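My notes follow in the order I took them.

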Amino acid sequence: MIDDAAGAAKGLRAGALSLTSSVVIGVASAGPAYSIAATLGLVVAAVGLQAPIVALLAFVPILFAALGYKELNAADPDCGTTFVWATRAFGPAWGWMSGWAIVVADVLVMASLAQVAGQYTFLMLGAEGIGHDPTSVWVLALGVVFMIAMTFLCFRGIDISARFQSVLLTVEFVALVVFAAVALVRVWLGTAGAGALTPQWSWFNPFEIGSFSTFVNAILLMVFIYWGWDSVVSVNEETVDARRTPGRSAVISTVVLVALYVLVTVAAQSFAGVGEDGTGLANPEHFDDFFAALGTAVFGEGMLGQVLTHVLLLMILTSAIASTQTTILPTARTTLSMGVFKALPDSFARVHPRFLTPTVSTLAMGAVSAALYVVFNFVSDGGLIFDAVSAVGISVGFYYGMTGVACAWLYRHTLRRSTRDLVVRGIFPLLGGAMLLFAAGWTAVTSFSGTSGETSWAMPFAPHWHIGGVFILGVGSMALGLPLMWWWRSRERAFFDGETIGRGLPERERAPVS
């Protein structure tokens, strides 16, 4: 069955995505290879052998949030997702800021994805001098080309985007599984090297982590490598059975991701160990990509080993390209929905008559992202790009958290219908939302210090604070939404007066509790 009412109302191509295509978009959106490569070393440096349990526990709030998405999508399958649901729960201001958080998160991360895609293309071609220089003008130019290409694909059609994602994810998924399998087999055969460790159940004991603060910081590092699966809900109006398929896809995507992350974490830790020298995962020289350090060690230096090592490079490249494309998709649909409901100018509501994709929303996302990438590349030797990735956690935690809390609030009158409703619509989403809002707040507070990131700003006037670039980008970009919202409210009041989105769930979900 195709539930196409909402999609038809906005002009999108209803029923274009199957369950499989939807799951592909969800998993690819997280960029698993790129995400784990850039995060695992930092986590191991913090918690040592307990990295696998950190990867597993970080999944808990994500799963709870995914359940919230699933339940809300079943009641109101709108491509605006959190923007619409938070408006229904808490009013237009909270809804608008939730939509803004989605835009902020996606725009901030695009520079890093484009940069990685550019670097790994040159590394694949053997131009290591350029590939190892993230701020090279050639890397910048190629990164912008990738942005333009992915924007075009998103503009050209959701079905084409999904097919392209399937190819990219296949390369990425197969490479990750092959890497993990070979690494574990070599550990079992005793040919992995002096630092190798036999997998132990004790690696899954969280109580062996030194302190609560270390535990929280490690969890926060891991939480945001799961970010991206919500893209499957943003394309709900283009999915077969819009009320059920996107929610199922979201949950399936998160389960696939946790399985993949735990497998790769255990394999890499077993093969390389947790030392700070050589190929050890805690070696600071490998924090940006441990696959580059372990590739030759795992696969050997023979011809087959060289081929497989290059496949790892291709894996990171495809991961970054896939994430670039699937980052444009949800943002364009969020702003499309905001345009339809008068929360943004009407131009954002335009849909191409032939391709049935958002026009202004898609092109604006690509243009703004490319412009910011160019600016970030030349500020502090590209340090802003690194800080922007960390800053994403603030906006992601906010809109994920708002979704979980909104689910519990909107279903509050129906929670006594059954134990299932109480747990799945109430307790789990509320807990997940609270944990993710805490994560956003913790990241904001701890990033205020000028030493917390790659860049900082010293106030030239009293009180002369030294503020970190992560805080400025994360909190500052969210705060920028307030004057923009007030400005638009002064021009168009329909959304803010509750005329376009009502409070509470759609009528069919508001039956009295029996």
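**Charge over a ring.** I began with Arg412, which lies over the face of Trp409 at 3.9 Å from the ring centre. The rule I used: NZ of Lys or CZ of Arg within 6 Å of the ring centre and within 35 degrees of the ring normal.

**Ground rules.** The model is predicted, so I kept local features to pLDDT of at least 70 and side-chain atom pairs to pLDDT 80 or more, while totals for chains, interfaces and linings use all residues. Numbering runs from 1 along each chain as its sequence is written, and side-chain values use heavy atoms, with hydrogens and water left out.

**Aromatic pairs.** I stayed with Trp409 and looked for its ring partner. Rings of Phe, Tyr and Trp (its six-membered ring) pair if their centres lie within 6.5 Å; planes under 30 degrees apart count as stacked, over 60 as edge-to-face and the rest as tilted. By this rule I get 25 aromatic pairs. Phe90 and Trp409 form one that is tilted, at 6.4 Å centre to centre with 35° between the planes. Phe90 sits in helix α6 (residues 82–90) and Trp409 in helix α17 (residues 383–410), so this pair ties together parts 319 residues apart in sequence. Helices here are DSSP runs (H or I, at least four residues), numbered from the N terminus.

Phe90 is partly exposed at 26%. Trp409 is partly exposed too, at 40%.

Next I checked Phe179 and Phe290. Their ring centres are 6.4 Å apart and their planes stand at 55°, so I logged the pair as tilted. Phe179 belongs to helix α10 (residues 158–189) and Phe290 to helix α14 (residues 290–299), so parts 111 residues apart in sequence are tied together. Both Phe179 and Phe290 are buried. I also noted a cluster: ring pairs link Tyr69, Trp85, Trp229, Tyr399 and Tyr400.

**Helix α14.** Phe290, Phe291, Leu294, Gly295, Val298 and Phe299 are buried in α14. Seen down the helix axis, the buried residues of α14 fall within an arc of 130°, so they line one face. I took the arc from the directions between the helix axis and the C-beta atoms. What do the buried residues of α14 pack against? I found α3 (32–47), α10, α13 and α15. Contact here means heavy atoms within 4.5 Å.

**Salt bridges.** I searched the whole structure and found 12. I counted a side-chain nitrogen of Lys or Arg within 4 Å of a carboxyl oxygen of Asp or Glu.

- Lys10 bridges to Glu237, with the closest N and O atoms 2.8 Å apart. Lys10 is in helix α1 (residues 5–10), and Glu237 is in the loop between α12 (231–234) and α13 (245–272), 227 residues apart. Both Lys10 and Glu237 are buried.
- Glu238 bridges to Arg333, also at 2.8 Å, N to O. Glu238 lies in the loop between α12 and α13, and Arg333 in helix α15 (residues 303–340), 95 residues apart. Both Glu238 and Arg333 are buried.
- Asp421 meets Arg425 at 4.0 Å, N to O. Both lie in helix α18 (residues 419–446), 4 residues apart, about one turn of the helix. Asp421 counts as buried at 9%, and Arg425 at 10%.

I then traced a network of salt bridges that links Lys70, Glu71, Arg420, Asp421 and Arg425.

**Cysteines.** How many disulfides did I count? The rule asks for cysteine sulfur atoms within 2.5 Å, and the count is 0. For Cys154 the nearest cysteine sulfur is that of Cys79, 14 Å away. Cys154 is buried at 1%. For Cys407 the nearest is again that of Cys79, 19 Å away. Cys407 is buried at 0%.

**Met110.** My last stop was Met110 in helix α7 (residues 92–124). Met110 is buried, at 0% relative accessible area. Beyond neighbours within four places in sequence, Met110 contacts Met147, Thr324, Thr327, Ile328, Met365 and Ser369. Met110 and Tyr373 are 263 residues apart in sequence and 7.4 Å apart in space, C-alpha to C-alpha.

Notes
Helix = DSSP H or I, 4+ residues; strand = E, 2+ residues; numbered from the N terminus. Buried < 20%, exposed > 50% of the residue type's maximum accessible area, 1.4 Å probe, protein only.
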